[in-house]
Amino acid sequence: MIAQGKYTESYLLNRKSNVFPGILGRTCDRPCEPACRRTRVEEKPVAICRLKRVAADLKGEYKQFLPTAPETKNGKRVALIGAGPASLTVANDLMPLGYSVTLFEKQDKPGGLMRSNIPSFRLPESVLQEECDDILEMGVDVRYNSPVTSMRDLLGQGYDAVFVGTGAPRGKDLDIPGRHDTDRIHIGIDWLESVAFGHIDKIGEKVLIIGVGNTAMDCCRTSRRLGGNDIKVMARRPRAYFKASPWELEDAEEEQVEIVINHAPKRFVIEDGRLVGMEFERLEWDAKARNSRVLETVILPCEDVILAIGQENAFPWIEREIGIEFDKWDMPKVDETTFESTRPGVFFGGDSAFGPKNIIWAVEHGHQAAISIHNHCMGVPVTSRPPQGLNIVSQKMGLSEWSYHNDYNPSKRQKMVHVDLTERFQKLNIEVELGFDPEQTAREVQRCLNCDIQTVFTAKRCIECDACIDICPVQCLTITRNGGEEDLRGRLSAPAINLTQALYVSDALPQTSRIMAKDEDVCVHCGLCAERCPTAAWDMQKSDVLIPFAGISVCTNSYATV
Amino acid sequence: MPSIAKPVAKHPSLQRNKLDLTIRDYEGAMSTLCAGCGHDSITAAIVKALWKMSIEPHRIAKLSGIGCSSKTPTYFVNGAHGFNSAHGRMPSIAAGASAANRDLVYIGVSGDGDSLSIGLGQLCHAIRRNVKMVYVIENNGVYGLTKGQFSASTDIGSTSKKGDPNRMPPIDPVTMALSIGATFVARSFSGDKDQLVPVLEAAVAHRGFALIDVISPCVTFNDHKGSTKSYLASRQSMVRPIETDFVPPAEEILAQIGTNGVTSVTMHDGSVLRFTAVPKDYDPTDRGKVSAYLRERAAAGEVVTGLLYVDESQPDMHEMSQTVATPLVNVPYSKLCPGSGALSKLLDQFR
């Protein structure tokens, strides 16, 4: 749909599961891209994330197509704690079903981590606000500046269900000598939050960031915009072991942030009550970076230090004797499928459930928790999960005509254009990434190998003419005698080397009783096998995975365009 | 005909031959033949054989006449030379080209109409001259390009698509070639690349004219019940009494030897043809015995496939004509055409 310029439709389709296409199209950790099969035929995956942003940026009038809440409520009241992506997703799924949803947020604006921890040069405030508003405008009762301080009190207010989406709000500290002798050492996520809410607007020229995850990248790039011009990100281990996404590292280095490897913090150097530097041990690691030895100690001068070495959950406001059990790491015991705690009717999701993950996981937790809450309120066991569905429909329209774009586009991944370095540092909230232009979008979309289009084989129709085998550009088809999997993998047209990819083996073929084997591994879904098949034994069929949401079974969950 | 180009995407473990080329480098244009045509499989086998033998694409010349089969040289080795001649006249073009440049690898592709009807005389004389070339007859027993009339190779009793039986006896290119002295005679099936590819390799290595009759079902006009050259009927009537390995010089291949023994024939270039599982008393170098064996099996309703006969002792066209070893295209013009003075001297000898 993006290729056809149907941006509004693609946005709405994406929104059903993703909920925040505009936000995630900029900030997602992209767990989907490593799975993209384009990497099996060339180096880089399709820019799935960026294409979602294209749809969000270019969509037309869309508000009239959003779900709405019915005027008549169903009489059930649900409390959500924390206005981050998990809670907002729950609200998004439950409001149209008639629930009265109350949302408690400690800040005065919605978004949670998406607002406090993601700098505005990566995620413009307007995009964030719009997608939060799309949910809240269904009539969510939002209580800003209302941190929940006692779960017991909240439970006493008679809600039918409570959802905890408070994230992992506590940044890890680094208790080494000198830590408490200055006020120029900052906890990364707290510091970012203070910047986001305007409480901090400058930093020293020399800044050290401790840690090399994505929060560290946000800290160093934010520092660059608040007055820092000699910024070093300090990593204990070699580059291959960094937690930050490769593209975030690239973006930071483009802004002349120096990334220093193999340095372990030893102490803060304080002179006359003033932070002047930090001492590190320079390490040498063995081949797999498991053991290290100290080569020397070095002192790097600095005016500020930002600690970005991870974050933890903290639930001081949940009393421990109200039926919500915690494990030995002081984490609530949460069911991984239902997201219910040990107290029926209390659910957790997002980072608060299983520790820090990312936004898209928080959204998925929200969807699943919404299903549980709906079950809980309707008297259905929370363990009763609605089934997923799958539609498979032939795409053949006529001779050499398919209702999907099957021409392979050899283009490389399109490069995101960035705002000039000089320009981007002028203000904190100048968005660095410009998004794809229409030509880039068209090329990038055509890189997709159509994983939703399946090659479907009907053995009884095959006359073993070899046409499909001869035409296949990536040698993924073989007709041979059947055998054990290991034996078969070695006898195919091209060796099936990806053992995680199951082989397709057909029933015995009519003429010789041999079998058709397909190694899906590098299939580019060009459909030439089906096009060259004289008996339509091969067909290209679109598989539509139908995902259930709270109150919407797959039978009614039509993905038809609006 | 496919509406899209064949994707350039390649399998990551795609192998390279001695020229550092992949099999994709030996492909041609997209086929415009009917989906499922046997000819496309033969094309794929030719691509594979030429790739395996690491023949430089520009050292290959593709030749053909008229018919569905004769379209196929377009579909393999884009980088080769090509000549699409008049109907049935490809053997003369090949002979002429070979006369001018004996160094190229000549791949002639023809069909049962092109070779056994209009071009039969041409074929016979190319065999007689022992022109060094591979001559593939893509034999489907039907005139596909003109919508399904019986051809000269249609078997007695085989029916047309509408059900009418053929009453005229077929010309079998294999026994015909044997009878007029062909030095390399093989038969194969488009659906059996395990056999066809090594036979093609052997044919390229042969020092003279290599005839390969390939049963190649016409999926549109001759793949019905009642046809003797449908995919199903071909599979049912085909026997494969001989397994052929092609062993290039200096490359050891270990193969299982069948119970019936093994016969090896050394080719002119030092490569070895190894016949395994050969029937008792079968001698692929004894023309008389091979002919008798083929007649016997044909009477039993079997179509014998494999490399059936080979004779590396016979001189090819150039040896018979005592031409120079240098391809004529490389002989300096002054030597090739020494001028009117030299001609006068020559004519004087006859006065």
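Into which domains is chain A divided? The assignment gives domain 1 (7-169 + 313-378), domain 2 (171-310) and domain 3 (391-408 + 449-546). The structure is a predicted model.

**Domains of chain A**
- The centres of domain 1 and domain 2 of chain A, taken over C-alpha atoms, are separated by 30 Å.
- Where these two domains touch, eight residues of domain 1 of chain A are in contact with 11 residues of domain 2 of chain A.
- On the domain 1 side of this contact, three residues are nonpolar, three are polar and two are charged.

- In soluble globular proteins, nonpolar side chains tend to be buried together.
- The largest nonpolar core contains 114 residues, of which A91(A), L94(A), F163(A) and I373(A) touch the most other members.
- Helix α12 (residues 359-378) of chain A contributes the most to this core, namely nine residues.
- Domain 1 and domain 3 of chain A each supply at least three residues to this core.
- Leaving aside residues up to four places away in sequence, L94(A) touches V78(A), Y99(A), V101(A), A370(A), I373(A), H374(A) and A550(A).
- A second, separate core has 72 residues, including A182(B), A210(B), V303(B) and Y309(B).

**Contact between chains A and B**
- Chain B provides 25 residues to the contact, and chain A provides 29 residues.
- On the chain B side, the elements giving two or more residues are α1 (38-52) and α8 (231-237).
- The largest share of that side, four residues, belongs to α1(B).
- By residue type, the chain B side consists of 14 nonpolar, seven polar and four charged residues.

Note on methods:
Residues numbered from 1 in each chain as written. Chains lettered and ligands numbered in written order. Predicted model: local features only at pLDDT ≥ 70, side-chain atom pairs only at ≥ 80, totals over all residues. Contact = placed C-beta atoms within 7 Å. Nonpolar A, V, L, I, M, F, W, Y, C, P; charged D, E, K, R; others polar. Core = buried A, V, L, I, M, F, W, Y, C linked by C-beta atoms within 7 Å. Buried ≥ 20, exposed ≤ 12 C-beta atoms within 10 Å, placed from the backbone. Domains from an automatic or database assignment.
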